[in-house]
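These are my notebook entries on a structure that I had not examined before. I set down each item in the order in which I looked it up.

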Amino acid sequence: MTGLIAFREIVLKVHSRCDLACDHCYVYEHADQSWRARPKVISPEVISHTASRLAEHARDHALPSVTVILHGGEPLLAGPARLRLVCEEFSRALSGIAALDLRIHTNGLQLSTRYLDLFDEFGVRVGISLDGDRAANDRHRRFADGRTSHPLVLAAVALLRSEPYRHLYQGLLCTVDVANDPVAVLDALVELEPPRVDFLLPHATWETPPARPDGAPDAYARWLLRIFDHWDRLGRPVPVRLFESLLSTLRGGPSLTESLGLAPTDLVVVETDGTLEQVDSLKSAFEGAAATGFNVFDHAFDQVAAHPGVRARQLGLAGVSDSCRRCPVVRSCGGGLYTHRYRDRNGFDNPSVYCTDLRELVDGVEGRTARRETAPQLSDPAELARSQQELTRILLARLHEDLAADPGWAHAWELLATVERAGEAGTDALDAVLDHPFTRTWVLAALDAARDGTQDAPEAARRLTALAAAAVLRGGLDLPAEVAYRDGEVYLPTLGLLRLGEPGTEGRAALHVTDGGYAVRDGRAEHRFGPAAGDARWQPVRTWSPGPEAALVAPVALEDLDPYRNCFPRPPRLRLGAGEAEEWRGRLDRAWALLHKAVPEFARAAAAGLTTLTPLAGGPRAGGWGEAGRHGPGALGVPYAAGVRETALALLTGRRRTRLRALTEVADLYALDGQWQHRSPWRERPVPVSRLLADVHERVAVEAYRRATATPEPGGSDRIHRALDRLSEAAELTVTGKSLVAELRYELKTVDA
């Protein structure tokens, strides 16, 4: 069957009764009472058939691993022999097909060394239910005669924490009760040093709502936020899955728990009689809510995966209610646990019965952590530059993994390493050539070719030898720098183009540093080239130094030589003649002066990090936008034939585009796991948040420029305000993305003032 989401986790009910009488248990105390008609203990036949079905499912879907959770009732009541059979059958069935992750969830009362020795043998990790300190635990987790279970659970945890069993300790599960002291609950759990704590909201629906002693709709949020604050003050001593899931989704990452987020369910339940059911918590909704009509004897897991009830929990955003789809925190809360949405009149097409709690919880965690969770690259250009430098090096190292076996590549790689070891001069020179924007273009193209199977190792090695040679020359290092040239020439990144032969010729030549420049030895002859050599075979990279108001830390390269500059939406100009270059410099001077006079703050921001300008063919496009290509930070493509005003606008908008692109490469501004679409004031059809954010990011600066130059766009500011309002409600924006939206609001406020 196509389109099915495979089950990666099964809950295996090995015993259907319990030795406690917890009054909040969804199995025995809620709507579905099907446990009464089921066998107390799972049979060998059910075990064997379930293991075979899971192995079949894992093989058909090529699953690398599967998780089997032994559950109940109380699973330890099945006894060591039956649990051994479970471990043996599943280990045998999955051998050679998928890795097996065995777990058990227990109240701990029966836990002893005979169980733990068995679990150690098969790597079964153990999770224990405990609601906190004794007062909290005794509120619900008692024996049928009212006796406390707390001392026995503590003894079980102590045994599990001891050697040689500590590695089996998976964590503690705590059901929330707002009548308990949240600080005391967390302290009691932390004292037991669990690898993880899970806090679960008590199962409830709109028909059987949760207890709210003070009648407040956000009582559970306030209780959990007190836990969060205490956990944070303690330095987050143990992982808490609920909080870590929220922090993950707020950063744009995945949900880490079924009870939150929009990730599709991949879990199926096997009852003691072999019945296949949906997630167990559905028993809280109504009798038969979890039923599928399937069993392990007659049906494959794929048939369960196709069940409408299962598919409904795999629809992501489309599977939540209309009000949830329009909520800005839906990516974090996911509409809440599916069970908690139930209402008799319309089933599960509702927000969670904990809706107010979940909204307050998400907003509360975000408000407490936004400053720390916001990526520093957003507000610190130096940090953005460092992150971009690191990204280029990571990509180059990945390319090295593909090409390390090529002799030419290996030789050039070793020279790069030698340059890096040559002290500060070598490090600075290597940084300069690796930070050249079109180095990134080349690396990305080479990685694409490797992925597509069209990799040209000699061509990649030629570029790397040129990078290494350029670093040697820039650093003034006494190192051998041999380059391979093709078609009679070699481009040395950041330096220039050296002609070494007639068109169509190939060869190798040794470069070295001389007084006042560089030299190349080709055969027995040596030729000098470089800044002062005056050799017609040498075409240096030209530079441009605008007025002091630009606040540029170094001259900008006018890059019209690098073969990898062809990375913009329109083609680059060929090498400019001397007169053309001077004319373009003058036009850039006047454009920059206009920008600085009209919008000085935006002009200074545009100057930050600008290192390279490439002249593009043709005149300005409609609107006069600059071009951001597939390159590293610092580069910008500007239409050569544009006038002063258009060039100024191209510099402004192009730098806004490249800044946003650089941010998205090293920081998560929005999640990419949904199909959200947003109305745009500038486009006919709805657009993804990335497009809307990019439009606003550019148009704030454009609006400022147009107002300052007496060419405002009618209604421009109003449209930007509407777009910002829509972005503020975008569920897929991360805390960093929301901070960027706040920054844009501030910029627009200064424009409107």
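Entry 1: the four-stranded sheet.
I began with an open sheet of four strands, whose order is E17-E18-E19-E20 and whose pairing is mixed. I note at the outset that the model is a predicted one. I then asked which strands stand at the edges of this sheet. They are strand E17, residues 542–544, and strand E20, residues 635–639. Each has a single partner strand, so one side of each is left without a neighbour in the sheet. From one strand to the next, I found a twist that averages 35°.

I looked next at how E20 is held by its partner. Strand E19, residues 612–616, is joined to E20 by five bridges, and the two run parallel. Within this pair, I recorded Ala635 in E20 as the bridge partner of Thr612. I also looked up what packs on the sheet, and found helix H20, residues 578–598. Helix H20 touches E17, strand E18 (556–558), E19 and E20. The direction of H20 makes about 20° with that of E17.

Entry 2: the cavities.
How many cavities of 30 Å³ or more does a search of the whole structure find? I recorded six. The largest cavity holds about 210 Å³ of space. I counted 18 residues in its lining, and those nearest its centre are Gly261, Ala263, Arg313, Tyr338 and Arg341. By class, eight of the lining residues are nonpolar, seven are polar and three are charged.

For the second largest cavity, I noted about 70 Å³ of space. Its lining consists of 14 residues, with Leu250, Pro328, Ser332, Ala731 and Leu733 nearest its centre. Helix H9 (241–250), helix H13 (330–333) and helix H14 (355–373) are the elements that give two or more residues to this lining. The largest share, three residues, comes from H13. I classed the lining of this second cavity as seven nonpolar, three polar and four charged residues.

Entry 3: Asp406.
Lastly, I asked where Asp406 is found. Asp406 lies in the loop between helix H15 (381–403) and helix H16 (407–420). Leaving aside residues up to four places away in sequence, Asp406 touches Ala457 and Ala461. I also recorded that the side chain of Asp406 reaches the backbone nitrogen of Trp409 at 2.9 Å.

Note on methods:
Residues numbered from 1 in each chain as written. Predicted model: local features only at pLDDT ≥ 70, side-chain atom pairs only at ≥ 80, totals over all residues. Heavy atoms only, no water. 1 Å grid on protein atoms, 1.4 Å probe; cavity = no way out; pocket = protein on both sides within 12 Å on 5 of 7 lines; lining within 4 Å. Points joined across faces, edges and corners; volume = space filled by probe spheres on them. Nonpolar A, V, L, I, M, F, W, Y, C, P; charged D, E, K, R; others polar. Contact = heavy atoms within 4.5 Å. Polar contact = N/O pair within 3.5 Å; in protein donor to acceptor, adjacent residues only side chain to side chain. Pairing = 2+ DSSP bridges. Axes fitted to C-alpha atoms, helices over the stretch in contact; angles between N-to-C directions.
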